[in-house]
Amino acid sequence: MFRFLILLLTCMTMTSSAIDIHAAKPKRNSQSVKKERRLTANEVEKTQKQINQNTAETTRQLNRLASLSAEAEQSRKQIERINAELKAMDRLIKATEDSISTLENNLKSLRNAYADNLRAIRSRRQQMSTLAMIFSSTNFTEAYRRYRYMQEFDKWQKGKSRQIAEMSAEIAARQQRAKAARSRQAAKLNELTAENARLQANKVETESLVSDLKRQGSSLKKALAEKQRKLKNLDAELDRIIAEEQRRAEEERRAEEARLAAEAKKKAEEARRAAEEKKNSKEQAQAPVQEKKTTAPPSGKPEPATKPEPRKSDKLIMMSGSFESNKGKMPFPVDGRYSIVSHFGLNSHPDVTNVKVNNSGIDIETPQGAAARAVFDGEVSSVFHVSGYQNVVMLRHGNYLTVYAGIGALAVKKGDKVKAGQTLGTIFSDPDDNNRTVLHFEVRRERAKLNPEDWVR
């Protein structure tokens, strides 16, 4: 009985607690639900904004890494060039100093010989004067020989003096060249020191960036995916435009062939009729008829079919030879200082192995305000806009195409004829990426992608 009472009291206590908890819980209404939705939406928006900011920062770091890699490559090439120049200067200085030493030895020997000869002559002249030497001759022939000897000696003396003076001047000139070469060598050594310091600073910043990027797993993947997506969008748009141009060119070719065929058929029919009329006229002239009919003679031989104009595709083939023959000689698509931050094909960083982007052209970083220029004579085939690349200008050079993407202010329009070196527009500077200024440049043979670095110098 006692146990039963305890169990009953326990059940009553639990029931009353449940009722109190239920009563304490507030009831949800439409306003509270809307408020919760707004809070959730704000949190999602903040999260997405943070993700976008992280991705944008990762993209900036990737771009900076590409710039640093290009700068490091330029520094290494500059250091190699300076070292080669220093070696050439060392050889030049050594050769100059050796030649100076040889000339100085020759000059010393020449001066000693000249001095010995002068001393000997002075000794003889002290014993007998020139006139006395001549007049002491036994006959005229001997006197003439002595006179000629004295003239030749005077000539030799002047020649030796001139030779000594010229050799002294040559030694002075070579010493001056050696001094100038040593001065240039010192300047190059300073340049080499500065370039090495720049390369070392670049290396420190690069290592820091690489460490940061290795930690940014998801943001790095997203940034790379976005970069590759933009490249694919540009590729797809270029392929679409080129395919459309090819379709129109084929339609024009077929229409031209049909027109020429119809024209040839018409002229053949006219020639056949003219031949029949000539034959009938000849038969009537030979037949005995009472009344002679006058018929107008044919106007002569049928005009030969005019030479058809070359088809559009033929013109393209004729033009393409000129573009192709200039492979490796064309000017760079930007003027002034530049660096290639992304080469043709699959690009990856040696320290960040998962950073891989397949590039259909090359990316050229320039100072702010730089202009894009045509690498060859051609026609503006298309001008369009692609997200991430601003304005894109495509030039046609026969069967070949050059593409200039990343242009801000345009200087040409579709249909314009351009010359090699002509400005196409100002390269866009991205305010969201520290005004980074990059031109994307491609060379194609229709839709086939070619390495631009093989075509420009």
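**Notebook: strand β8 and its surroundings**

I began with strand β8 and found two bridges that join it to strand β10 (residues 423-427), the two running antiparallel. I note the rule for pairing: two strands pair if DSSP finds at least two bridges between them. Helices (H or I, at least four residues) and strands (E, at least two) are DSSP runs, numbered from the N terminus. I looked up I407 and found that its bridge partner in β10 is I427.

I wrote down what I am looking at: a predicted model, where local features need pLDDT of at least 70 and side-chain atom pairs count only at pLDDT 80 or more, while totals for chains, interfaces and linings use all residues. Residues are numbered from 1 along each chain as its sequence is written, and side-chain values use heavy atoms, with hydrogens and water left out.

**Other partners of β8**

I followed β8 to strand β12 (residues 436-445) and found six bridges, with the strands antiparallel. Here L401 stands opposite R444. I then turned to strand β7 (residues 390-397), which is joined to β8 by seven bridges and also runs antiparallel to β8. L401 of β8 is the bridge partner of R396. Two residues lie between the strands of the β7 and β8 hairpin, and I saw that G398 takes a positive phi near 75° there.

I asked how much of β8 (residues 400-410) is covered: eight of its 11 residues are buried. Buried means under 20% relative accessible area, exposed over 50%, and partly exposed in between (1.4 Å probe, protein chains only).

**Cores**

I looked for nonpolar cores, that is, sets of buried Ala, Val, Leu, Ile, Met, Phe, Trp, Tyr and Cys residues joined through side-chain atoms within 4.5 Å. The largest has 27 residues, and L395, Y404, L424 and F441 have the most contacts inside it. The elements giving two or more residues to this core are β4 (362-366), β7, β8, β10 and β12. Another core, of 23 residues, lies apart from it and includes L220, L238, V357 and M394.

I listed contacts (heavy atoms within 4.5 Å) for L395, leaving aside neighbours within four places in sequence, and among them are S381, L401, Y404 and L424. S381 itself sits in strand β6 (residues 378-386). S381 counts as buried because its relative accessible area is 11%.

**Rings**

I checked ring pairs: rings of Phe, Tyr and Trp (its six-membered ring) pair if their centres lie within 6.5 Å, with planes under 30 degrees apart counted as stacked, over 60 as edge-to-face and the rest as tilted. By this rule I have six aromatic pairs. The ring centres of Y404 and F441 are 5.3 Å apart and their planes are at 45°, so I call this pair tilted. Y404 is in strand β8 and F441 in strand β12, 37 residues apart. Both are buried: Y404 has 0% relative accessibility, and F441 has 0% too. F323, F376, Y400 and W455 are linked by ring pairs into a cluster.

**A helix residue**

Last, I looked up E97, which lies in helix α2 (residues 30-127). E97 counts as partly exposed because its relative accessibility is 37%. The side chains of E97 and R182 are joined by a polar contact of 2.7 Å. Such a contact is a pair of N or O atoms within 3.5 Å; within protein, one must be able to donate a hydrogen and the other to accept it, and residues adjacent in sequence count only if both atoms are side-chain atoms.
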